[in-house]
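Here are my notes on this one, in the order I went through it.

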Amino acid sequence: MIPGAAMPSVSSVSDSPLSFPTHSFEDPLIGDGAPGFAIGSFADLAPWSSAPYPHRHEFYELVCVTRGSGTHVIDFVPYKVAPATMYFVAPGQVQFWEGHAPLEGYIVTFVEEFLVPQYGDRVSPRQSLALDPLGTGHALHLAAEQVEPITTLLVALAREYRRPGGADVSVLQAYLHILLVEMRRLRRDADVRTVEEDSGTALARRYLRLVSEELPNEQSVSGYASRIGVTPKHLADVVKRTTGKRPAEIIRAALTVEAKRLLRHTDLTVAQVSQRLQFDNPSYFGRFFKRETGTSPGEFRRRAGAADYLRSVTRPPT
């Protein structure tokens, strides 16, 4: 069983008891405010705000830690929790928290549809943070002089969200837009590659979103090109120029990440993982996984299990 799969506050949208618990805006903990948006403290949004079990969200999440410590694991990448750090989680990514002291700060959750184009070019959270559904680098460390501008925006968001009589959605959208722009600037200042939004970037971003939404049902570049309405060659040229990766590489990377999630966080057999990801047979899946990761599915699971055990026996008492 997946640890925490029976948590009563989780709204599950999966079609299998072995799928990851999934939090959505139907969760009563965050469903009372403006549609598609919420902001609160770790305590406000407990227990899922620092859930110790692997789970997904259907929405974007921005976390600003102002006090506390521990580890935030996002798709197998452990990020050391420290004050004055922001963390970004995209929809569908598997995350959990471990070994943390009491955390303080802000959590902002929103769906992409909450962002509107009325403030100029639409700001995609993935593009603004120089992230894509397959990327890492989810932690943004704030320098001393950067803390106040960001926390000022978060305080303004929280104040508007709790405004007596109800928040003005347009004000929340404006503050969120400014927050994303400020984070994009901070990442640029930190020499993190940021892609300017143009027609090519918009097409590549649409491709990345489709891959994150449609895998494993669609695994061909030509299939995605048809959905978008361009030729496979044009899609390949634009995606390569924008992301530095060929479309097929992105599909393979997404399949690999999903395979790792299932191998590490569920009790599915290797054959069942192969079937879930729609490989023709387990042997082909095994060859694919070893080519992409350098290890077999079984060995990856054994190593992941050993690492989890070592963390559990070396974790300091609470």
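1. Let's start with a strand pairing. Strand β7 (residues 85-89) is joined to β4 by five bridges, and the two run antiparallel. If you want a residue pair to click on, take C64: its bridge partner in β7 is M86. Keep in mind throughout that this is a predicted model.

2. β4 also pairs with β9. Here there are seven bridges, and again the strands run antiparallel. How many of the eight residues of β4 are buried? Six of them are, so β4 (residues 60-67) is largely enclosed by the rest of the structure. As a reminder for looking at the side chains, those in a regular strand alternate between the two faces of the sheet.

3. Next, a separate look at an open sheet. Three strands make it up, in the order β6-β5-β8, with antiparallel pairing. Why is one side of β6 and of β8 left without a neighbour in the sheet? Because β6 (77-81) and β8 (95-98) stand at the edges, and each has a single partner strand. From one strand to the next, the twist averages 20°. Between β5 (residues 70-74) and β6 there are five bridges, with the strands running antiparallel. One place to check that pairing is T71, whose bridge partner in β6 is K80.

4. On to the aromatics. Searching the whole structure turns up eleven aromatic pairs. One of them is F37 with F114, a stacked pair with 5.1 Å centre to centre and 20° between the planes. This pair links distant parts of the chain: F37 belongs to strand β2 (residues 37-40), F114 lies in the loop between β9 (104-110) and α1 (125-128), and 77 residues separate them.

5. F285 and F289 give another pair to look at. Their ring centres are 6.0 Å apart and the planes are at 50°, so this pair is tilted. The cut-offs behind that word are simple: planes under 30 degrees apart count as stacked and over 60 as edge-to-face, with the rest called tilted. Both residues sit in helix α9 (residues 282-293), and because they are four residues apart, about one helical turn separates them. F285 has 0% relative accessibility and counts as buried; F289 is also at 0% and counts as buried.

6. Those two phenylalanines belong to a cluster. F279, Y284, F285, F288, F289 and F300 form one aromatic cluster. Have a look at T295 while you are there, in the loop between α9 and α10 (297-314). T295 is at 10% relative accessibility, so it counts as buried. Leaving aside residues up to four places away in sequence, T295 touches F289, K290, F300 and R303.

7. Helix α5 (residues 221-228) deserves a moment as well. Which of its residues are buried? They are V221, G223, Y224, A225 and I228. The cover over these residues includes α4 (199-214), α6 (232-243) and α7 (247-265). Just past the end of α5, G229 takes a positive phi of about 95°.

8. Now some totals for the chain. It has ten helices and ten strands. Of its 318 residues, 48% are buried. Among contacts with a separation of 6 or more, 68% are between residues 24 or more positions apart. The accessible surface comes to about 15,100 Å², and carbon and sulfur atoms account for 53% of that.

9. Last, confidence. Mean pLDDT for the chain is 77, with 76% of residues reaching 70 or more. Where pLDDT is low, the predicted coordinates should not be read in detail.

Key:
Residues are numbered from 1 along each chain as its sequence is written. This is a predicted model: local features need pLDDT of at least 70, side-chain atom pairs count only at pLDDT 80 or more; totals for chains, interfaces and linings use all residues. Side-chain values use heavy atoms; hydrogens and water are left out. Two strands pair if DSSP finds at least two bridges between them. Axes are lines fitted to C-alpha atoms, for helices over the stretch in contact, and angles run from 0 to 180 degrees between N-to-C directions. Rings of Phe, Tyr and Trp (its six-membered ring) pair if their centres lie within 6.5 Å; planes under 30 degrees apart count as stacked, over 60 as edge-to-face and the rest as tilted. Buried means under 20% relative accessible area, exposed over 50%, partly exposed in between (1.4 Å probe, protein chains only). Contact means heavy atoms within 4.5 Å. Accessible areas come from the Shrake-Rupley method with a 1.4 Å probe; for residues, only the protein chains shown count as cover. pLDDT is the predictor's confidence in each residue, from 0 to 100.
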